[in-house]
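Student: Can you walk me through this model? I would like to go from the overall fold down to single residues.

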Amino acid sequence: MISIQLPNGRQYEFRHVVFDYNGTLAEDGRMSDDVRQLLAELATKVHVAVITADTFGLVHQELAAVPGVELLILAKDQDGTEKARHVQEWGAERTVVVGNGTNDQPMFFIAGLKICVLGPEGVSTGVLAAANIVVRSPADAIRLLLQPKRLIATLRA
């Protein structure tokens, strides 16, 4: 579990982290070794899920060596409501979502913490507007979750 106590008394307790894949964890379908290692470390602390339509067809290969990560492949015609359904099922208030695209918006609207990755593919303005935090890379997002005290300054009221 990831626990964060803010100075105003607000307490966050996250048990799930849901990642979009392409444009968030991966660029052109490929993840860096650094991101793989960080994901594996995060998966020892919380339930980690990657939900993707797998545009490049590489997600199985790229996540094969990452223990503890649940992979959910969506149909190519999904609009993001399926991602939100999973977040709701796991408990939206106990879930962190990490994404960048329009199909991530439905899960961004309901999750307890929303992290937008502004990487080489850019970011949907809807996700940007719904985000609590914007980071430069997937590694930055994962490191925030691994060292949650870093989140206090950003989230405090």
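This is a predicted model: local features need pLDDT of at least 70, side-chain atom pairs count only at pLDDT 80 or more; totals for chains, interfaces and linings use all residues.

Student: What share of the residues is buried?

Tutor: Of the 157 residues, 54% count as buried. Buried means under 20% relative accessible area, exposed over 50%, and partly exposed in between, with a 1.4 Å probe and protein chains only.

Student: Which residues have the most contacts inside the largest nonpolar core?

Tutor: F19, L39 and L42 do, in a core of 40 residues. Helix α6 (residues 138-146) gives the most to this core, with 6 residues. A second, separate core of 17 residues includes A49, I51, L74 and V97. A nonpolar core here is a set of buried Ala, Val, Leu, Ile, Met, Phe, Trp, Tyr and Cys residues joined through side-chain atoms within 4.5 Å.

Student: What is L42 in contact with?

Tutor: Leaving aside neighbours within four places in sequence, L42 is in contact with I2, V17, F19, V48, I142, L145 and L146. Contact means heavy atoms within 4.5 Å. L42 is also one of the buried residues of helix α1 (residues 33-42), along with V35, R36, L38, L39 and A40.

Student: And what do the buried residues of α1 pack against?

Tutor: They pack against β1 (2-5), β3 (16-19), β4 (47-52), α2 (59-63), β5 (69-73) and α6.

Student: Switching to β7. Is that strand mostly covered or mostly open?

Tutor: Mostly covered: 5 of the 5 residues in β7 (residues 113-117) are buried. L113, I115 and V117 lie on one side, and K114 and C116 on the other. In a regular strand the side chains alternate between the two faces of the sheet.

Student: Which strands pair with β7?

Tutor: Strand β6 (residues 95-99) runs parallel to β7 and is joined to it by 4 bridges, with V98 of β6 partnering I115. The chain crosses from β6 through helix α4 (residues 105-110) to β7, and this β-α-β crossover is right-handed. Strand β8 (residues 133-135) also pairs with β7 in the parallel sense, over 3 bridges, and there V135 is the partner of V117. Two strands pair if DSSP finds at least two bridges between them.

Student: What about β7 to β8, which hand is that?

Tutor: β7, helix α5 (residues 125-130) and β8 make a right-handed β-α-β unit. Right-handed means that, with the strands pointing away from the viewer, the path from the first strand over the helix to the second runs clockwise.

Student: Last one: where does A131 lie, and why does it count as buried?

Tutor: A131 lies in the loop between α5 and β8, and counts as buried because its relative accessibility is 19%. Leaving aside neighbours within four places in sequence, A131 is in contact with F108, K114 and C116.

Notes:
Residues are numbered from 1 along each chain as its sequence is written. Side-chain values use heavy atoms; hydrogens and water are left out. Helices (H or I, at least four residues) and strands (E, at least two) are DSSP runs, numbered from the N terminus.
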